[in-house]
Amino acid sequence: MDSSLTGITTTGTPHLGNYVGAIKPAIQLSKKFKSYLFLADYHSLIKVNDPDAVKESSMKIAATWLACGLDSKNSLFYRQSKVPQILELNWILSCMAPKGLLNRAHAYKAAVDLNKENKNDEDFGISHGLFSYPVLMSADILMFNPKYVPVGKDQKQHLEITRDIADKFNKTYKNFFQLPEPIIDESLDLLTGTDGRKMSKSYNNSIDLFSSEKILQKSINKIKTDSKEPGEKKETKDSIIFQYFNHFSDEEEINEITKEFEEGIGWGDAKKKLFTKINQEISPLRDKYFDLINNPKLIEDTLEAGETKARDEANKNLEKIKEKIGI
Ligand code: TRP
């Protein structure tokens, strides 16, 4: 069976856009492939230096994925930090990673450009971790030699760097790694924020996946619409409300709502209906999520089971890699 691998950053709180664009498709994919899904907690140190926040975020994100239906029996679900072999591979690969290639990585370049703009020293505030982020990511991936790596389009360059590093290793030590293929969903930013911009915490236009019913209702009420009155025909194209319906409904329901738009459903009623629809899907997941959050031992045990398997596989792969390089 082909395998797929993806990392989940452990910062922030997942929003509805993450659910529709990343969590749901990854869980779907995990039914088709042997799946490696891990919490990229070491990557989070680049952004977050508060130990409590790092810990809490990992638990919350793990609980989110489990509540959303990730079957930890069919997939390997683990924390990156619990598979130390990844860090050994990180060093080996960093010796295969041309510095010039890393100089061109978007995140690093953006930080340098910002410093130039602000007339700071080019490297002001930039850690070596930020600079070498793509190497750790290639170690995450190549540790398990997956065929596919589903990622958002912002990660495309990281996958190219991973392939370059793997290729260099293959040329230096004779073929070893299969070059992982990215699966990039071009429509990943599936849900627009409530104000019509990209959904993002920093714009204050996102809807937390597991906010209370009351807050969910309130956020949906905030969604921007045009000023058409009840009774006037509504356009589905470019309507944020319709876009949300689209992602939470089956075909029959979409036909029904399309018809209601044509017949001039009032925005207030449409929003009520949308809330009911989304809440129907999220409500059981929300309950599971809070059960898990209140039972951290269960989360811990689930992760540990995945980590034991992941370490076992990683060890075997690392031994082969070390043999190749003469260590
Ligand atoms: N950098 C990825 C992101 O920000 C997360 C990540 C870390 C990852 N390691 C990975 C994704 C390996 C895929 C494969 O979303």
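**Close-up views of a predicted model**

**View 1. Confidence along the chain.** In this predicted model, helix 1 (residues 16-29) has the lowest mean pLDDT among the elements of the protein, at 89, while helix 4 (residues 85-94) has the highest, at 98. Taken over the protein, the mean pLDDT is 94, and 99% of the residues get to 70 or more.

**View 2. The largest nonpolar core.** This core has 49 residues, and the ones touching the most other members are Leu 16, Tyr 19, Trp 65, Phe 77, Tyr 244 and Ile 278. Helix 12 gives the most, with nine residues. Why does the core lie between domain 1 and domain 2? Because domain 1 (3-190 + 295-325) and domain 2 (210-289) both give residues to it.

**View 3. Zooming in on Tyr 19.** Leaving out residues up to four places away in sequence, Tyr 19 touches Lys 24, Pro 25, Cys 68, Leu 209, Phe 248, Glu 281, Ile 282 and Leu 285.

**View 4. A second, separate core.** Here you'll find 43 residues, including Ile 86, Ala 105, Tyr 133 and Ala 314.

**View 5. The second largest pocket.** About 220 Å³ of space lies in this pocket. Its lining has 16 residues, and Asn 90, Ser 94, His 128, Ser 132 and Val 135 lie nearest the centre. Helix 2 (41-44), helix 4, helix 5 (99-103) and helix 7 (128-142) each give two or more residues to the lining. Which helix gives the most? That's helix 7, with seven residues.

How values were computed
Residues are numbered from 1 along each chain as its sequence is written. This is a predicted model: local features need pLDDT of at least 70, side-chain atom pairs count only at pLDDT 80 or more; totals for chains, interfaces and linings use all residues. Side-chain values use heavy atoms; hydrogens and water are left out. pLDDT is the predictor's confidence in each residue, from 0 to 100. Helices (H or I, at least four residues) and strands (E, at least two) are DSSP runs, numbered from the N terminus. A nonpolar core is a set of buried Ala, Val, Leu, Ile, Met, Phe, Trp, Tyr and Cys residues joined through side-chain atoms within 4.5 Å. Buried means under 20% relative accessible area, exposed over 50%, partly exposed in between (1.4 Å probe, protein chains only). Domain bounds come from an automatic or database domain assignment. Contact means heavy atoms within 4.5 Å. On a 1 Å grid over the protein atoms alone, a cavity is a set of points where a 1.4 Å probe fits but cannot get out, and a pocket is an open set with protein on both sides within 12 Å along at least five of seven lines; lining residues have an atom within 4 Å of a point. Grid points are joined across faces, edges and corners, and a volume is the space filled by probe spheres set on the points.
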